[in-house]
Amino acid sequence: MSVDEYRVSADADDGAFVETPVKPPVDPSQAEVSALLRSKGVRPTRARCGVMSLLRDTPTHPSTDSILDGLRERGCRVPVATLYQNINTLVDYGLVSKFLDGRGVARFDGNTEPHCHLICTQCGRIDDAEEYFEVRPKGGAESLSDLGWEIGSDGLFVHGICPACKDGH
């Protein structure tokens, strides 16, 4: 248990002051992630919650190595084999999407809704296209499924050169 605060109170028997550890409040996003995992029938382990939280907080579509580094930066030490097993579980349950970038490296996305990605062919940067323009079906339909399509992949990938590479940075 991590303790950030102590509650000081007088002991009922002898009046001496007693410090009682106070558990830090549960991070609402962690509680939300645990609830999401449980709703899909997945046990919310420390590693799974860590990966889900990281992917929800990271718009960069990280690789497995980047996820491992990100977890370590957050103080969550996870063995490499455990990380791979947990990522695969999250992908299998549809909680995380997996795709290959332009270099054939597996990348992961906490946004499992079909959406477009912009992939830089020089540096490998991956952005959600929705950050730059709106992608919508024609004819007033809300989704492609409204037009009779069943999406069979994780979305559309547009390859090009990002602004930083184009400007020589």
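Modeller: Residue S53 touches Q30, V33 and R74, if its neighbours within four places in sequence are set aside; contact here means heavy atoms within 4.5 Å. The model is predicted, so local features need pLDDT of at least 70 and side-chain atom pairs count only at pLDDT 80 or more, whereas totals for chains, interfaces and linings use all residues. Residues are numbered from 1 along each chain as its sequence is written, and side-chain values use heavy atoms, with hydrogens and water left out.

S53 belongs to helix α2; helices (H or I, at least four residues) and strands (E, at least two) are DSSP runs numbered from the N terminus. With a relative accessible area of 9%, S53 is buried, a term that means under 20%, while exposed means over 50% and partly exposed lies in between (1.4 Å probe, protein chains only).

A nonpolar core is a set of buried Ala, Val, Leu, Ile, Met, Phe, Trp, Tyr and Cys residues joined through side-chain atoms within 4.5 Å. This largest core has 21 residues, and those with the most contacts inside it are L37, V51, I67 and L83. Two or more residues come from each of α1 (28-39), α2 (46-57), α3 (64-73), α4 (80-92) and β4 (106-109). In soluble globular proteins, nonpolar side chains tend to be buried together.

Apart from its neighbours within four places in sequence, L83 is in contact with V51, T64, I67, L68, L71 and V78.

L83 also takes part in the packing of two helices, where T64, I67, L68 and L71 of α3 meet V80, L83, Y84 and I87 of α4. Two packed helices are described by the angle between their axes and the distance between the axes. For α3 and α4, the angle is about 115° and the axes are 11 Å apart; axes are lines fitted to C-alpha atoms over the stretch in contact, and angles run from 0 to 180 degrees between N-to-C directions. The two helices α3 and α4 are therefore roughly perpendicular to each other, a label that covers 65 to 115 degrees, with under 35 roughly parallel, over 145 roughly antiparallel and the rest oblique. The crossing of α3 and α4 is right-handed: the near helix is turned clockwise from the far one by less than a right angle.
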